[in-house]
Amino acid sequence: MSDKVMYAMYDDDEVLKDGAKKLVSKGVKISEVFSPFPIHGIDPIIGIKNTRLGIMAFMYGITGTMLATLGMRYFMVVDWPMNIGGKPNFTYLDNMLAFIPITFEFTVLCAAHGMAITYLLRNKTLPGIPAQNPDPRTTDDKFVIEVRSSENSQYTADELEAMLKDTGLIELDQKEIK
Amino acid sequence: MEFSISNNAKRLTLILIVTGALLTLIGLFTTMGDHHFKTRLLANGLINGFFFFALGLGALFFLALQYATETGWYASVKRVVEAVAGFLPFGMAILGLVLLTITFMDGAHIYSWMDPAMTDPKSHHYDEIIAGKSTYLNKMFFWVRTLAYFGVYFIFLRGFRMRSLEEDRIGGTELHFKNYRKGATFLVFFAVFSSTSAWDWLMSIDVHWFSTLFGWYTFAGMWCSTMVVLVLTTLYLKNLGYLPKVNESHIHDLGKWTFATSFLWSYLWFSQFMLIWYANIGEEVTYYMMRIENFKGLYFTMFFINFAFPMLILMSRDAKRNAGILTFVGLVILAGHWLDVYIMVSAGSLGANASIGPLEIGMVLLVAGFFIRVILNNLTKAPLTPVNHPFLDESVHHEI
């Protein structure tokens, strides 16, 4: 089945938000919004679920904590007990205070890098991956709503077009996908 | 909306005060003949005087911080902050009275540097280290500083409150920018005073020892306890149906502050502890030796509570929006921070003779009841939502 994708362009994020509200109230499913900056409050309007990045951050953090603990235990206690300032060095616990800053730093390092890489992967924006936004102007000062006719089968393409034109857009692009 | 104290609240605060007074009396009679009675009584006065004074001061600092950063979200809980800050004059009175009594008793074994024998080369109590510090630590200069702190805090508090009420009447942005400038000025004073006042009132108890971090550590504990009080007061008002403009996001933000300041406190506690542990210099480790000898369980439990409770429980977003969880964690870490101040004062003054009995618990309840009553009373004095705050609209639509 052929799919028709419509890109409605706006020059103001508030107009876009009002337009999106109007469309959603009529049961139109908006598949994506492109914007040069995060639009405050757009997520609940177009029905985007809360991000799970926080959960991943926690897991990366825990991984970092464990790696740091295991690593330091091996380097500083098991493999060769390091004598630093005469501190007890035969068990990890005896010298635990000295290891806490490193554990903390490594936790943060893993959480931050893990989160950044996951974010880029999930959004398919790793370096070298072709850009997905429909119009380069959405990285400057324009805002775009994407609506697909396949996701809105209760309306015909013409009806969708009429509804979009009713929302104060400045430009409407259409694309057929086979 | 105007706030009026419910009969329930009146009864509860009265019960707190009466129970506190009774327990204090019991404590007084059972410890009266004790050799350390005076020190113990004054140490308790100092603990509670400082702890509750610090809650008011923390709120004043928080208010000034919001003014200086021109924060919008807090506008609808601003009156709560002001009400807590309004305890400051009473806190000053209690703390001032205790400090005055201690001064007249030549330190009462709490501030040993106030004892003239310590700095008199002919006396056999002569202490070279204390004598060396006596240009800074002497009664006269101590009181000059104490009065300077009290004076500056009081002037700024009165100014903020006056302009806040005036803003309700006339509105406009002129008062806002004045508050902005005054807030920034207060922070400059506070940056110095928060450290030096902690040295004067708390660190000088362990007079041979010093730590440059001590002021921040005390300040972080005070800030964290203040945030807990702000959360609890807001939740209480919300529960009674006041503050209709305060939504989950405001509670979430206050919860975040509690979470963040807990970390700040733990970070500073640990920094101080680890550096001293690592360097292992005799003059420095005495501070922790005293605590580990006499307060081992209490001291590390206190740290564990103040660090682990907020970290593990308040980490998730949902927990910071849940009134029950916030109240539970808040009360626990409030007790934890009281214990922190308790050990700060007791370890250096009473040492092995310190114990938590009816006197200690009674005096906390007494001052806490009074503190709550003063806050509730302050809340009745102005509309709970500031009428003309320039950021009120932003605060009403606050969403995170």
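## A first look at chains A and B

In this predicted model, strand E1 of chain A, residues 3-10, pairs with E4(A) in the antiparallel sense, and seven bridges join the two. One of these pairings can be picked out by name: Ala8(A) has Leu172(A) in E4(A) as its bridge partner.

Chain A has an open sheet of four strands, ordered E2-E3-E1-E4, with antiparallel pairing. Which strands stand at the edges? They are E2 (30-34) and E4 (171-177) of chain A; each has a single partner strand, so one side of each is left without a neighbour in the sheet. On average, neighbouring strands of this sheet are turned by 20° against each other, with direction ignored. As a general point, strands of a sheet pair through backbone hydrogen bonds, either parallel or antiparallel.

| Helix | Residues | Lies across | Angle |
|---|---|---|---|
| H1(A) | 13-25 | E1, E2 and E3 (143-148) of chain A | about 20° to E3(A) |
| H5(A) | 157-165 | E1, E3 and E4 of chain A | about 5° to E1(A) |

Stepping back to the whole of chain A, the domain assignment gives domain 1 as 3-50 + 132-177 and domain 2 as 53-122. How far apart do the C-alpha centres of these two domains of chain A lie? The distance between the centres of domain 1 and domain 2 is 45 Å.

Now let us turn to chain B, beginning with a pair of its helices. Helix H3(B), residues 78-85, and helix H9(B), residues 214-239, have axes that come within 10 Å and cross at roughly 125°. That angle makes H3(B) oblique to H9(B). As for its hand, the crossing of H3(B) and H9(B) is right-handed.

Which residues make this contact? From H3(B) come Val80(B), Val81(B) and Val84(B). From H9(B) come Thr226(B), Val229(B), Leu230(B), Thr233(B), Thr234(B) and Leu237(B). Taken by type, the residues in the contact of H3(B) with H9(B) are six nonpolar, three polar and no charged.

Finally, the two chains touch each other. Chain A and chain B each bring four residues to the contact. On the side of chain B that touches chain A, three residues are nonpolar, none is polar and one is charged.

Notes: Residues numbered from 1 in each chain as written. Chains lettered and ligands numbered in written order. Predicted model: local features only at pLDDT ≥ 70, side-chain atom pairs only at ≥ 80, totals over all residues. Pairing = 2+ DSSP bridges. Axes fitted to C-alpha atoms, helices over the stretch in contact; angles between N-to-C directions. Contact = placed C-beta atoms within 7 Å. Nonpolar A, V, L, I, M, F, W, Y, C, P; charged D, E, K, R; others polar. Parallel < 35°, antiparallel > 145°, perpendicular 65-115°, else oblique. Left-handed = near helix turned anticlockwise from the far one by under 90°. Domains from an automatic or database assignment.
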